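Subject: Structure handover

Hi,

Here is the structure for you to look over. Please open it beside this email as you read.

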Amino acid sequence: MENSLDSLYRAALWGLQVGTVTGAAGLLAQLLGLPLPDYVTPPSACFAGLALGATVLFLMDSLQISTKDRAVVVTGCDSGFGHEMVFRLERMGLVVFAGCLFANGEGAQKLKDSGRKNIHVMQLNVTSDDEVKDAVEYVRRHLPPNGLWGILNNAGWSTFGHVEWVPIDICKRIMDINVWGTIRVTQGFLPLLRQSKGRVVNVASGLGRQCAANRSTYGITKYGVEALSDCLRFEMRKWGVEVVIIEPGNFVNATGIFTPDSIRRDAEALWKRIPSDVQKDYTKEYFDAVIENMIYYSTKGTTDKSSVLDAMTLALLHRYPHPRYQPMEVYFKVRTWVNTHLPEWVYEKLYT
Ligand SMILES: NC(=O)c1ccc[n+]([C@@H]2O[C@H](COP(=O)([O-])OP(=O)(O)OC[C@H]3O[C@@H](n4cnc5c(N)ncnc54)[C@H](OP(=O)(O)O)[C@@H]3O)[C@@H](O)[C@H]2O)c1
């Protein structure tokens with residue numbers, strides 16, 4: 001399994017941090033006139049630190065926990081990443097509890113038809129208190145000897161539209177699924193995870209680390225998932241429970257989260273709900289151009305889900321997980337880096 005761009009970036013970053021420290025130590029030793037062998041100079045110390053940091057990280061990343069007699073819960077398994085993760089994790093030896101929005105729907109049926117005895121399909125709408133409670137009880141009754149190792153909060157919904165266009169009920173619905181749903185499921189399973197010193201993996205998005213016009217409704221939920229996950233990581237430290245975030249880039253073309261048809265259908269419904277004075281100001285031509293751009297975005301990305309599936313797997317199984325995994329194409333990664341590391345005007349100038 002590989003997650004190459006992300007792991008190379010992490011190794012380079014670790015190398016740079018250790019290299020900076022050893023290089024500075026070399027410089028200090030030189031300034032203090034300490035007796036050192038000729039080959040120890042600030043550049044050679046820096047280079048050795050860089051290689052050491054990167055190597056240690058690669059070695060740590062090669063260690064994974066055993067899947068034997070352990071279980072995981074995945075939400076949103078009707079389609080997309082969640083659906084494929086069920087098969088992948090079961091093949092790796094885990095008992096998988098697959099939460100589906102429609103336990104009698106097509107996606108759930110495919111999971112059932114696979115005949116894999118370690119796949120349990122559960123009805124789980126993450127916006128329902130009762131369904132989450134029932135799922136927790138079901139999992140509790142069917143756990144393997146080593147208990148519940150992790151939950152993958154993958155269920156999600158996406159929408160689009162300028163802030164002035166999107167009705168409040170849609171804003172509330174997306175929060176209910178993406179943020180409150182993640183909290184509801186996490187609260188339900190945390191007692192079991194604290195027992196096993198297990199793991200919470202939350203699926204945010206590259207749009208939880210940078211903003212794009214027309215995506216506020218989705219972006220606020222994914223920024224919410226980021227904040228929730230970071231706070232929870234701090235709180236869970238004393239229980240030995242790790243909390244990890246996945247930040248996929250653009251994989252719209254690889255999953256069913258948007259299709260040109262669904263965008264056109266949603267756009268038609270959205271336009272009808274925009275107040276007439278706002279419609280008049282923006283004009284239908286402008287609205288249509290924004291929607292065409294959205295359709296273009298939904299079809300131009302990769303159709304290969306594997307880097308996201310790799311990141312989710314590593315986030316669950318790495319012995320020493322990283323707080324964030326970023327399966328992203330280079331363009332998205334650079335854009336995220338600019339937003340998170342450089343002054344705000346640079347991002348605004350380049351990308352808005
Ligand atoms: N694809 C991307 O480019 C991308 C990028 C960044 C982040 N993500 C995130 O990745 C996750 C998976 O998305 P995906 O791309 O695989 O899209 P997807 O195929 O639409 O998967 C989302 C799944 O969540 C389910 N779901 C929706 N509402 C739910 C609810 N109330 N309770 C339980 N399940 C619910 C959906 O069921 P139905 O199929 O029945 O609607 C679907 O199976 C999401 O959190 C998404 O935000 C995706």
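What follows is a short account of what was found in it.

First, the ground rules. This is a predicted model, in which local features need pLDDT of at least 70, side-chain atom pairs count only at pLDDT 80 or more, and totals for chains, interfaces and linings use all residues. Residues are numbered from 1 along each chain as its sequence is written.

**Overall**

The protein has 13 helices and 7 strands. Helices (H or I, at least four residues) and strands (E, at least two) are DSSP runs, numbered from the N terminus. The C-alpha trace spans about 80 × 55 × 35 Å along its principal axes. Of the 352 residues, 38% are buried. Buried means that 20 or more other C-beta atoms lie within 10 Å of the residue's own; exposed means 12 or fewer, and partly exposed is in between, with C-beta atoms placed from the backbone. Two residues are in contact if their C-beta atoms, placed from the backbone, lie within 7 Å. Take the contacts between residues at least 6 apart in sequence: 74% of them join residues at least 24 apart.

**Two domains**

The domain assignment gives domain 1 (4-61) and domain 2 (71-351). Such bounds come from an automatic or database domain assignment. The C-alpha centres of the two domains lie 37 Å apart. For the classes, Ala, Val, Leu, Ile, Met, Phe, Trp, Tyr, Cys and Pro count as nonpolar, Asp, Glu, Lys and Arg as charged, and the others, Gly among them, as polar.

**Around the ligand**

There are 29 residues around the ligand, and Gly76, Gly80, Ala155, Gly156 and Thr255 come nearest. A residue is near a molecule or strand if its C-beta atom, placed from the backbone, lies within 6 Å of it. The shell divides into 13 nonpolar, 15 polar and 1 charged. Helix H3 (80-91) and helix H6 (168-196) each supply at least two of its residues. H3 gives the most, with 3 residues.

Helix H11 (residues 306-317) has 12 residues. Its first and last C-alpha are 16 Å apart, close to the 16 Å expected at 1.5 Å a residue. The expected span is 1.5 Å times one less than the number of residues. H11 is mostly covered, with 9 of its 12 residues buried. Among them are Ser307, Val308 and Ala311. Met312, Thr313, Leu314, Ala315, Leu316 and Leu317 are buried too.

In H12, Phe332, Arg335 and Thr336 are buried. Seen down the axis of H12, the buried residues fall within an arc of 100°, so they line one face of the helix. The arc is that of the directions from the helix axis to the C-beta atoms. An α-helix has 3.6 residues a turn, so residues three or four places apart point the same way. On the other side of H12, Val330 and His341 are exposed. What covers the buried residues of H12 includes helix H13 (344-351).

**Single residues**

Two residues have a phi worth a look. Most residues other than glycine have a negative phi. Asp69 is not a glycine, yet its phi is positive, about 55°. Asp69 is in the loop between helix H2 (42-61) and strand E1 (71-74). Asp69 is partly exposed, with 14 other C-beta atoms within 10 Å. Lys197 also has a positive phi, near 50°. Lys197 is in the loop between H6 and strand E5 (199-203). With 13 C-beta neighbours inside 10 Å, Lys197 counts as partly exposed.

Last, Val166. Val166 is in the loop between strand E4 (148-153) and H6. Val166 counts as partly exposed because it has 19 C-beta neighbours inside 10 Å. Not counting residues up to four places away in sequence, Val166 touches Gly161, Cys171 and Thr217. Val18 is 148 residues away from Val166 along the chain, and their C-alpha atoms are separated by 47 Å.

Best wishes
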